[in-house]
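Here's a quick briefing to read with the model open beside you.

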Amino acid sequence: ASLCRAALGQASAKGLSGLQTSSKPLISKSPLVARPPCIRISERCPVLENSVWSRRRAEVCVRAASDEESPRPAGLVGEDAAAFDVSQQSTKSWALFTGLLTGVLGLIYLVWIQPGAGLADDFLGLVEGFSNNNPEATILLILFVFAVVHSGLAGLRPKGEQLIGARAYRVIFALVSLPLAIVAIVYFINHRYDGMPLWDLRGVTGVHELVWLLNFVSFYFLYPSTFNILEVAAVDEPKLHMWETGIMRITRHPQMVGQLIWCAAHTLWIGNSFMLVTSAGLMAHHLFGCWHGDRRLSAKYGEAFEIVKARTSTFPLQAIWEGRQVLPADYYKEFLRAPYFAVTAFTLGAYFAHPIMQSASFYLRW
C-alpha cells in the first residue's frame with residue numbers, strides 16, 4: 001500500500017505528466033463502491049521502473065490507492081425499471097395506442113383468425129401434416145416456428161431499424177410474432193389434456209391454491225420492457241433498454257424465470273405428456289433467450305452492460321447471496337409502481353377470464 005501511495009504521490013508531484021484519464025466504466029467488487037476513472041500511466045511508474053512489475057501493474061496500483069482513499073456510492077448504469085410518471089403521459093398518445101390496438105387486432109382477426117377464411121387454418125394444417133396430427137409434435141413445431149421468427153427478428157433488429165426505422169420495424173415484428181403466438185396459445189388451450197396421463201393431483205388439498213399462487217407470482221417476472229406499452233405499439237419510438245432495478249436485481253432474465261414458474265405450476269396441475277413437452281419447448285426458447293438477450297445488450301451497450309452483468313445474475317438471487325448485488329433498504333418501493341398494480345389487475349382478470357378464453361379457443365377448433 002505504501003508503495004502504491006508513493007507511486008501516486010510521485011505522479012501527482014509531476015503534475016500527472018504523461019498520465020491519461022480513461023472515461024471507461026470500471027467494475028467494483030462491491031456493488032456499493034464505484035471505482036474512479038482509471039489513471040493510465042504511459043511510462044513505467046518511477047518507483048517501480050527497476051521492478052519486474054509492468055506498466056499494467058503500476059496502473060492497477062494507482063487505481064487501488066485511489067479506491068482506498070475515496071470510495072463513493074455507485075450510481076445506476078442501466079435504467080430504472082417500471083418507472084411511470086403520470087405527468088409525462090399524453091392523452092393523444094394513449095388515444096392513438098387504443099386506435100392502433102383496435103385496428104391491428106381487427107386486421108389480425110380478418111386475415112389470420114377468422115374461421116374458414118383466416119390463414120391460421122392453413123398454417124396449422126401444414127404443421128399438423130408434418131407432425132402426423134400428433135399433439136406433442138404439433139405444439140413443438142408451433143413453438144419452434146415462433147421461436148425462430150421472434151428471436152430471429154429480434155436479432156436482425158439493428159439492421160432492420162437502420163433500413164426502415166425503429167417504428168416500422170416494430171410494426172413488422174408485431175404483425176409477424178403476434179399471430180404465431182395466438183396459434184400457440186389457442187392450440188395449447190384446446191389440447192392441454194391430450195397426451196399420456198402421468199399423474200392427477202387436482203383433487204389433492206392445497207394443490208389448486210399452490211398452482212394459483214405460482215401462476216400469480218410468475219407474472220411479476222415479466223421483462224420490464226413489457227411495461228413500455230407505447231413503445232411496444234410503436235407509438236413512442238421503440239428502444240432496446242438495459243434495465244437494472246426492480247425485478248432485475250433478483251434475476252437478469254426475469255422472463256425466463258417467470259416462464260419456469262408458470263410451466264411448473266401448469267405441469268403440476270395438468271400432469272400429462274403434452275404439458276411436459278410444451279414446458280420443455282417453452283423453456284428451451286427462454287434459455288436460448290438468456291444468451292441471445294445478453295448478446296444483444298452487449299453489442300449495444302458494451303462495457304456498461306458488463307457492469308450490469310457483474311451486478312446481476314441469471315439464476316435468481318445468486319448475485320445477492322454472492323455479494324455482487326445489495327438490495328436497497330427501500331427495495332420494496334421499486335415494486336410499488338403503476339405497472340405492477342396493472343400486472344396485479346391483469347393477472348386476477350386473466351384467472352377469472354379462463355372460461356372465456358377456453359370458449360373462444362374451442363370456437364376456433366384449432
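Helices here are DSSP runs of H or I with at least four residues, and strands are E runs of at least two, numbered from the N terminus. Keep in mind that this is a predicted model: local features need pLDDT of at least 70, side-chain atom pairs count only at pLDDT 80 or more, and totals for chains, interfaces and linings use all residues. Residues are numbered from 1 along each chain as its sequence is written, and side-chain values use heavy atoms, with hydrogens and water left out.

**The nonpolar surface patch**

- H3 gives the largest share of the patch, seven residues.
- The members are Leu 101, Val 104, Leu 105, Leu 107, Tyr 109, Leu 110, Val 111, Leu 119, Val 171, Leu 175, Leu 178 and Tyr 363, and together they have about 1,000 Å² of accessible area.
- Patches take residues with over 30% relative accessible area and no salt bridge, joining like charges within 9 Å and nonpolar side chains (Val, Leu, Ile, Met, Phe, Trp, Tyr) within 5 Å.
- The areas come from the Shrake-Rupley method with a 1.4 Å probe, and for residues only the protein chains shown count as cover.
- Val 171 sits in H7 and counts as partly exposed because its relative accessibility is 40%.
- The cut-offs are under 20% relative accessible area for buried, over 50% for exposed, and partly exposed in between (1.4 Å probe, protein chains only).

**Inside: the cores**

- Nonpolar side chains tend to be buried together in soluble globular proteins.
- The largest nonpolar core has 46 residues, and Trp 112, Ile 113, Ile 142, Val 183, Phe 188 and Trp 366 have the most contacts inside it.
- H3, H4 (119–131), H5 (135–155), H7, H10 (254–270), H11 (273–301) and H14 (338–352) each supply at least two residues of this core, and the largest share, eight residues, comes from H7.
- A core here is a set of buried Ala, Val, Leu, Ile, Met, Phe, Trp, Tyr and Cys residues joined through side-chain atoms within 4.5 Å.
- What does Trp 366 touch? Leaving out residues up to four places away in sequence, its partners include Trp 112, Ile 113, Leu 124, Val 183, Tyr 187 and His 191, where contact means heavy atoms within 4.5 Å.
- A second, separate core of five residues includes Met 242, Ala 304, Phe 305 and Val 308.

- His 292 is in H11 and is buried, at 8% relative accessibility.
- Beyond four places in sequence, His 292 touches Ser 151, Ala 154 and Gly 155.
- Ala 147, in H5, is buried at 14% relative accessibility.
- Beyond four places in sequence, Ala 147 touches Gly 152 and His 285.

**Salt bridges**

- How many salt bridges are there? The count is seven, using a side-chain nitrogen of Lys or Arg within 4 Å of a carboxyl oxygen of Asp or Glu.
- Arg 337 and Asp 80 pair at 3.1 Å, N to O.
- That pair links distant parts of the chain, 257 residues apart: Arg 337 is in the loop between H13 (318–321) and H14, and Asp 80 in the loop between H2 (55–69) and H3.
- Arg 337 is buried at 18% relative accessible area, whereas Asp 80 is partly exposed at 31%.
- Arg 249 and Glu 334 pair at 3.0 Å, N to O.
- Arg 249 lies in the loop between H9 (229–232) and H10 and Glu 334 in the loop between H13 and H14, so this bridge ties together parts 85 residues apart in sequence.
- Both Arg 249 and Glu 334 are buried.
- Arg 202 bridges to Asp 200, with the closest N and O atoms 3.7 Å apart, and Arg 202 is partly exposed at 32% relative accessible area.

**Cysteines**

- There are zero disulfides, taken as pairs of cysteine sulfur atoms within 2.5 Å.
- Cys 263 is buried at 3% relative accessibility, and Cys 290 is buried at 8%.

**Positive phi outside glycine**

- Asn 133 has a phi near 60 degrees; it lies in the loop between H4 and H5 and is exposed at 56% relative accessibility.
- Ala 234 has a phi of about 65 degrees; it lies in the loop between H9 and H10 and is buried at 9% relative accessibility.
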